[in-house]
Amino acid sequence: MLRRRHALGLAGAALAVPAQAQAPVNIRFYNYNLASAGLGRDATLEMIASFTAANPGVKVEGVAPPSGEVMARIQADVIAGNGPDLAQVIFADLAYVVENFGIRPLEEIVPAEDLRSHLAGMLPNGVELGRLDGKTYGLAYVFSTPVLFYNADLFRAAGLNPEAPPATWEEVREAAIAIHKATGKAGLITGIFGPSAYDWLFQGVILSAGGRVLSPDRRRLTFAEPEAVAAVRMLRSIAEAGVMPNLKSDAQIETMSTGNAGMYLQTSAVQSALLRGAANRFELRAAAMPAFTGKPVRPTNSGSALVIMTKDPARQRAAWALMKHLTSDYAYTIITSRIGYLPLRPSAIESEQHLAPWIRANPIVRPNLAQLANLSPWVPHAGPSYRQILTTMMNAAEEGVFGKRDPEELLAAAQRRAQALMPR
Amino acid sequence: MARTFGHRTREALAPWLYLAPALGAVVAFTYAPLGYAGWLSLHQWNMMPMVEPRFVGLDNFTNLLTLPELEQALANTALHLAALLPLTVVLPVAIAILTQELRGPWRNIYRGLIFVPLIIAPIVAAAVWRWLLDPRFGMVNAGFKALGLGPVAFLQDPDLALWTITWITGWKLIGFSTLLVSASLAGLNPSLIEAARLDGASEWQVTRRIRLPLLSPTISLLVLLTILLGAQWSFAYIHVLTGGGPLGSSNTIWYLLWQFGFGSLAAGWASAAGLLLFAGFGTAALFLLWLMRRVSFHDD
Amino acid sequence: MRHHLALAPLALVSVFPIWWMLTTALRGEAEIYSPWPWPADPTLENFRFVIATTPVWRLLGNTLAYATLSTAIQLLTATLAAFAFTRWRFPFDRTLHALFALSWLVPFQVVMIPNYVAIARLGLIDTLGALLLPHLASALAVLMLVQAMRSFPRDVIEAAQIDGASHWRLLWRIIVPNLRAPLAALAILLFISAWNEYFWPLLLTRTPRSAVIQIGIQSFLTEEGNLWGPLMAMSSMACAPVLLIYIALQRQVIDSFLKAGTRG
């Protein structure tokens, strides 16, 4: 408690300046963590409360759309003339928001020196995620990388060494088969598919295989090229061995946290749910995302950025102050230890007042932290039909992995269809 | 003369005054938005004030109608509705007849218990069933295991997911249909049945020759409701339990069009999808009504 | 006996999931995944959690207000409309009747966003009133009441007219009191569907001020894992009022359906 208060004091002192001199400002903040009772909600409310305590001139109204609906809600409210001042936007939607909602880059709305010094304290790889065409439209906020969680007890039962978790997809396949053979339980589950997965993890797998889902200028889809097809075939070989069931995300978490799966490749955001399930039942460990043999692993990120949507200067100032507060060392201490996302500030990781003791006590976050160094951004799809493009691609890829038809044909057909929906 | 005229006008206006509240509500909150959707469906627009709508003709419709998933979803919808009929029509008729013959409190106790699923929110029903059917810790599979059978992945197996969704949808509706059938059963003239029994007709003959023909309007209504609204009823369960998967195996036309239309942010896609559903099920309704009129005509 | 053999399993299947919901609400974290039908160590922890972390009473109050009001309004508008259709012949009456029937097939999602924009322009976002607006008239209610009124004995109506009763009096003094059964049956259906409504309130509500219980339930189902215990506790609290009303009125509910059927 003491530690927290101390951190809060620091954050408050740094932030109180801009908003206090003004008349009271109300800002509406859309945050999907607020919609999940008991998981992200309490931590988020606490961070908002500490902000308003330090900035009595600002009132924050937290609006809580469920994460699957956050974009639709923002859009509906903007159409109705009642949009957010500050919003948590999933990276897949970021380009759409910037292109359609008249968002101005932070460079144009906050003092240059202030922006420079705040961004200097953040991981450059993280800051990059909020950038489009060289301008910073959003500030990476809650965010994680793909982690290979594994059940050390099942590893031992299958005669595998939990000290040396699989590092390549070939090793993952062998381990999955061994676990299934020895225990009858699922060898591997992944969070690659499913409506809420978008394509963040899929992009990481394709990148690691040396491919891309779309060209760097975001004009051409490339998810049917040989590298991507090879990646899908690799996954399919695991599925065909009968050791990788195709589960929905909530069933995945339950299967893993009840000790019924050997490995689970998923965002670290599920970490606290898994830890709760594993407690006193089995030993949960984590490893880095697997690589394709001979190729560098390219973990992508899931998560969201904070975007200032208001056009009003006083509210922009207040939103910026809240944004800085939510991406401070204090905030990342709460976000990482209580929700399970990554800290985007090296100073929070190293500081004894913040996360250092917690990280020592919870080695499970290490692989996630280590992947920050070689992170590749999750690239948003382009144009007004970007959601349909995403669905077309992911449906084909899922069938390529779990279905019977040939992945190459499936992906090629889907790419043709989806390319027709791209902006020309 | 003037008085009569005033009286006449009042009399002619009266039905409109009675009709006004309901009609106003339906026009304002259903048909006006539907008309707007008609316009939206011809444009590419996200309804954002700062973005200009772009006329795209029938592109939204062609995009939806050429979806490779469409064929599977249509087939699934037909199977789903066909499999729903035993649950929403056959079983309720049987239950209604069986309970009708019971004496004392049992009749209402059974009807009461079977009605209970209807009052549970769909989202809760989905959550509980998912739980009961889970291959690892679910009650149903625990029972199978006790019988020495392997766990069944009701929602994860592409061969079973659609049937599981159908079962949950039907489970929720059995009680409602039973009450409707019981209601018309109670309205039948008992002397017909008595007479048949006196003639030595077996229980099955009584049901087939007398009860079923007399129940046919109710049965037709239930068939009609199931076919027209069944895919809507299962929407919540598909949404929560399978997301249309695995591999589209539980995708219905409703859910597919939702995925590409309403689930995304493009008003053009969404409106086109909505109009297609409206037109499709509207046509089905007219066809069924026509068919029913023909069939009942022959009955006479 | 044969009857019981067939009916008892069906009745069990109907209520077992509800039983499961109630007992899961009483399970502690350690027992959540246990397949036993009764918790070894029942606890009220999940209920305490729900009450502490969500404004559950407020949500229940809102839901009750919304469900009651929308039911009452839909019954009223439908009664008036059905009376117009059965008492008079007027231009386009068949077309208008078909218009009501067809409105049942309009997918709710299509009209959701335009309605939302209209309600926002009226400044009604985050109010209970806004929840009601698209539910002022129910096609089902209109159709069912037209049916019921058509089968109303003509001689009673004619007798009343000979006595010089106005149509207003005829409706409220003679027809409505005799339509108690179908009205009650309809009221139950409308109430249940309003109580369980989810998508429209989700779009419309911003704060507990106007949120309903289904939104609260959903907040325990997240991508980062589901909180089963509290979810089932809140679901039980959501179902309890309807279940209690149902048990108390069970006989009347079923009777009113039976009577509604004999007339309609």
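Q: Which residue stands opposite A87(A) in β3(A)?
A: Y30(A) stands opposite A87(A) in β3(A). The model is predicted: local features need pLDDT of at least 70, side-chain atom pairs count only at pLDDT 80 or more, and totals for chains, interfaces and linings use all residues. Residues are numbered from 1 along each chain as its sequence is written, while chains are lettered from A and ligands numbered from 1 in the order in which they are written.

Q: How do you know that β1 and β3 of chain A pair?
A: Strands pair if DSSP finds at least two bridges between them. Two bridges join β1 (25-30) to β3 (86-90) of chain A. Therefore they meet the cut-off. The two strands run parallel.

Q: What makes β2 and β6 of chain A edge strands?
A: The open sheet has five strands in the order β2-β1-β3-β11-β6 (chain A), with mixed pairing. β2 (58-63) and β6 (139-144) of chain A each pair on one side only. The average twist from one strand to the next is 20°. Axes are lines fitted to C-alpha atoms, for helices over the stretch in contact; angles run from 0 to 180 degrees between N-to-C directions.

Q: Which helix of chain A packs on the sheet?
A: Helix α15 (313-326) of chain A does, touching β1, β2, β3, β6 and β11 (302-308). Its direction makes about 50° with that of β1(A).

Q: What makes residues of chain C and chain B count as in contact?
A: Two residues are in contact if their C-beta atoms, placed from the backbone, lie within 7 Å. That gives 63 residues of chain C against 65 of chain B. Helix α13(C) gives the most to the side of chain C, with 15 residues. That side has 47 nonpolar, 14 polar and two charged residues. Nonpolar means Ala, Val, Leu, Ile, Met, Phe, Trp, Tyr, Cys and Pro; charged means Asp, Glu, Lys and Arg; the others, Gly among them, are polar.

Q: How many residues does the contact take from chain A and chain C?
A: The contact takes 21 residues from chain A and 20 from chain C. Here α13(A) gives the most to the side of chain A, with three residues. The side of chain A divides into 12 nonpolar, eight polar and one charged.

Q: What share of chain C is called buried?
A: Of its 264 residues, 47% count as buried. The cut-off is 20 or more other C-beta atoms within 10 Å of the residue's own; 12 or fewer means exposed, and in between is partly exposed.

Terms used. Helices (H or I, at least four residues) and strands (E, at least two) are DSSP runs, numbered from the N terminus.
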